Amino acid sequence: MTAPLSGETRPVLWFFGAGRFASRCLSLLSREMTFDLVVTSPPSVGGRGMKNLASPVEEVCMELGITPHRSGSVGKDEFLLSALRETTPLAILVVDFGQKIPEPFLSAPACGCLNIHPSLLPLYRGAAPVQRSLLNGDPVTGVTLFRLVEQMDAGPILLQEEHFTGETETAGELLDILAEKGSKLFLLGVKCFIEGTCSFKEQNSESATYALKISNNEAEVSWNAPAARIVSAVRALNPAPGAFLVTGSKRLKIWSAKPGSLSGAPGEVLGFDEGFPVVGTAEGAVVLLTVQPEGKRRLDGAEWARGLRLKKGDFLH
């Protein structure tokens, strides 16, 4: 992390966030700066026993000794509206928050509400930019620091940085990388606001593309797809919801896979790569590196194949 802010020039800053990408950004930024107010979503109900689950941002706050303010609707939150009138922040960083930010929050801070978005806007506006980029097999993605406006992810860009995607990075790993890059951009953004050197650039909306939220039915993969498509889906859907296929009547989640050099019928076990099963697809083959049979723990593909006594010529249907 670079460009720490000095105590003498420390501006008033707020942070709005809820999800894991936001929690990663908050954790990184808290090493370099202090947020005067952290706002997150109220606990959700889920998991075994239907317990109250704190947001990932609240979990990080507990580690950092921060008491967050919970808000289910910031636009109707009298505590926040009063605080905004009393001590208007220089900027509000909004990341992975899950709520549309209304006025007066958009305009009251001198620098408005800034957002760290894990794509090269105007590409992949929306909820799942990293997942959609991996599904499409893009070799390059990136992160953007921009100012929020009424229209989703359409505000002017302050800073942007590219990232060349590796051949094995999952969505979770890529989000961690972009959280770090985006946090650095935010530090630079605050610094340039203080120095009065910031310059925004309007997005070209005619070039915009959209990244819709991943639906559960997109998680099922088929051996009738090309190997490259299957491997891209496995990477894009890790850690959630996880790509799967159905063998027999049960699901087999695939957490890690790579293209194989063999060719054969879709679903056919074509051989083994250092013990890992190589399975035919519509075009090329896939090596199953890490799998999870329904109701069981994750296994490396070699251990799973040995347990099933899988052999060349078997079919996974």
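Which loop does Pro-104 lie in? I looked there to begin with, and Pro-104 sits in the loop between β6 (91-95) and β7 (113-117). I note that I am reading a predicted model.

The bond from Glu-103 to Pro-104 is cis, and its omega is near 5 degrees.

I then went to Pro-241. The bond from Ala-240 to Pro-241 is also listed as cis, with omega near 0 degrees. Pro-241 belongs to the loop between α6 (227-236) and β12 (243-247).

Next I looked up Tyr-124. Its phi is near 60 degrees, which is positive although the residue is not glycine. I place Tyr-124 in the loop between β7 and β8 (125-126).

For a packed pair of helices I write down the angle between the axes and the distance between them.

I took α1 with helix α2 (residues 56-64). Their axes are 7 Å apart, and the packing angle is about 25 degrees. Angles under 35 degrees count as roughly parallel, so I record α1 as roughly parallel to α2. The crossing of α1 and α2 is right-handed.

I listed the residues in this contact. From α1 come Arg-20, Ala-22, Ser-23, Leu-26 and Ser-27. From α2 come Pro-56, Val-57, Glu-59, Val-60, Cys-61 and Leu-64. By class, the contact of α1 with α2 has 7 nonpolar, 2 polar and 2 charged residues.

**Entry: α1 against α5**

How do α1 and α5 cross, left-handed or right-handed? I found that α1 passes α5 in a right-handed crossing. The axes of helix α1 (residues 20-29) and helix α5 (residues 171-195) come within 9 Å and cross at roughly 50 degrees.

On the α1 side, I find Phe-21, Arg-24, Cys-25, Leu-28 and Leu-29 in the contact. The α5 side gives Leu-175, Asp-176, Leu-178, Ala-179, Glu-180, Ser-183, Phe-186 and Leu-187. I sorted the residues of the contact of α1 with α5 into 9 nonpolar, 1 polar and 3 charged.

**Entry: the two domains**

I turned to the domain assignment of the protein chain. It gives domain 1 (13-211) and domain 2 (216-315). The C-alpha centres of domain 1 and domain 2 are 35 Å apart.

How many residues of domain 1 are in contact with domain 2? I read off 12 residues of domain 1, in contact with 8 residues of domain 2.

I looked up the buried area too. Between domain 1 and domain 2 it is about 850 Å². Carbon and sulfur atoms give 48% of that area.

Which three residues supply more than any other three of the area that domain 1 buries against domain 2? I found Leu-134, Leu-135 and Thr-170, which supply 54% of that area.

Terms used: Residues are numbered from 1 along each chain as its sequence is written. This is a predicted model: local features need pLDDT of at least 70, side-chain atom pairs count only at pLDDT 80 or more; totals for chains, interfaces and linings use all residues. Side-chain values use heavy atoms; hydrogens and water are left out. Axes are lines fitted to C-alpha atoms, for helices over the stretch in contact, and angles run from 0 to 180 degrees between N-to-C directions. Helices (H or I, at least four residues) and strands (E, at least two) are DSSP runs, numbered from the N terminus. A crossing is left-handed if the near helix is turned anticlockwise from the far one by less than a right angle, and right-handed if clockwise. Contact means heavy atoms within 4.5 Å. Ala, Val, Leu, Ile, Met, Phe, Trp, Tyr, Cys and Pro count as nonpolar, Asp, Glu, Lys and Arg as charged, and the others, Gly among them, as polar. Domain bounds come from an automatic or database domain assignment. Buried area is the accessible area (1.4 Å probe) that two parts lose on being put together, summed over both. Angles under 35 degrees count as roughly parallel, over 145 as roughly antiparallel, 65 to 115 as roughly perpendicular and the rest as oblique.
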